[in-house]
Amino acid sequence: MDGRAEDVLAATCALYEDLCPPDLSAMVAPGIPALLDALAARTEEFRFSLVTCNFEQVARLKLARAGIGHHFAAGQGAFGSDAEAREALPAIARARAGGWPRERTVVIGDTPRDIACARADDVAVVGIATGPYASAELGAADAVVEEAAALEPVLAAMARG
């Protein structure tokens, strides 16, 4: 890592905080807040962890301003500020979750890169076609859904093994 990386990280995060709209709730895919609320009540089955190439401070600010940040505990997840390679992030997130087992880990992503990230760590992956990619482009996932409401039964089935 270059000697100025920390300065760039700090400047980027400060600038993002200044430029980020105060309310990002309209950017959240329909059904995601209700899904997170429903799954959060099932603590024996599910634990949330954010895996993103965003810097941690930026990612947490986005989630907070979107109204869903409370679902993602501090000290959990993996971020672009942790590793340059996206493929390294799931293992970091599992370690921070107290060694969460690989066989109980499911990445949910809306891009082919998210699917490749999960595959690199040999964890399950569900594609969700609410972003810029259609279902066919997410076909390398273990399952693909069109909307957030369809995630809960897929995740429940994966949790049961």
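In this predicted model, Thr 52 counts as buried, at 15% relative accessibility. The residue lies in the loop between helix H2, residues 32-40, and helix H3, residues 56-66. Its side chain is joined to that of Asn 54 by a polar contact of 2.8 Å. Residues up to four places away in sequence aside, Thr 52 touches Ala 59, Ala 78, Phe 79, Gly 80 and Leu 89. One of these partners, Ala 59, is itself among the buried residues of H3.

Helix H3 has several buried positions. Val 58, Ala 59, Leu 61, Leu 63 and Ala 66 are buried there. Part of what covers them is helix H1, residues 5-19. H1 and H3 pack with their axes 9 Å apart, at an angle of about 15°. Angles under 35 degrees count as roughly parallel, and H1 and H3 are therefore roughly parallel to each other. The crossing of H1 past H3 is right-handed. On the H1 side, the contact involves Cys 13, Tyr 16 and Glu 17. These meet Gln 57, Val 58, Leu 61, Lys 62 and Arg 65 of H3. By class, the residues of the contact between H1 and H3 are four nonpolar, one polar and three charged. Val 58 and Leu 61 take part in this contact and are also buried. Just after H3, the chain reaches Gly 67, which takes a positive phi of about 85°.

With neighbours within four places in sequence left aside, Arg 86 is in contact with Cys 53, Arg 113, Asp 114 and Cys 117.

H2 passes H6 in a right-handed crossing. Leu 35, Ala 38 and Leu 39 make the contact from H2. Leu 151, Glu 152 and Leu 155 make it from H6. Five of the residues in this contact are nonpolar, none is polar and one is charged.

Glu 152 belongs to helix H6. With a relative accessible area of 25%, Glu 152 is partly exposed. Which residues does Glu 152 contact, leaving aside its neighbours within four places in sequence? They are Leu 35, Ala 38, Leu 39 and Arg 42. Of these, Leu 35, Ala 38 and Leu 39 are the H2 residues in the contact with H6. Glu 152 and Leu 35 are 117 residues apart along the chain. Their C-alpha atoms are separated by 7.0 Å.

Methods. Residues numbered from 1 in each chain as written. Predicted model: local features only at pLDDT ≥ 70, side-chain atom pairs only at ≥ 80, totals over all residues. Heavy atoms only, no water. Helix = DSSP H or I, 4+ residues; strand = E, 2+ residues; numbered from the N terminus. Buried < 20%, exposed > 50% of the residue type's maximum accessible area, 1.4 Å probe, protein only. Polar contact = N/O pair within 3.5 Å; in protein donor to acceptor, adjacent residues only side chain to side chain. Contact = heavy atoms within 4.5 Å. Left-handed = near helix turned anticlockwise from the far one by under 90°. Nonpolar A, V, L, I, M, F, W, Y, C, P; charged D, E, K, R; others polar. Axes fitted to C-alpha atoms, helices over the stretch in contact; angles between N-to-C directions. Parallel < 35°, antiparallel > 145°, perpendicular 65-115°, else oblique.
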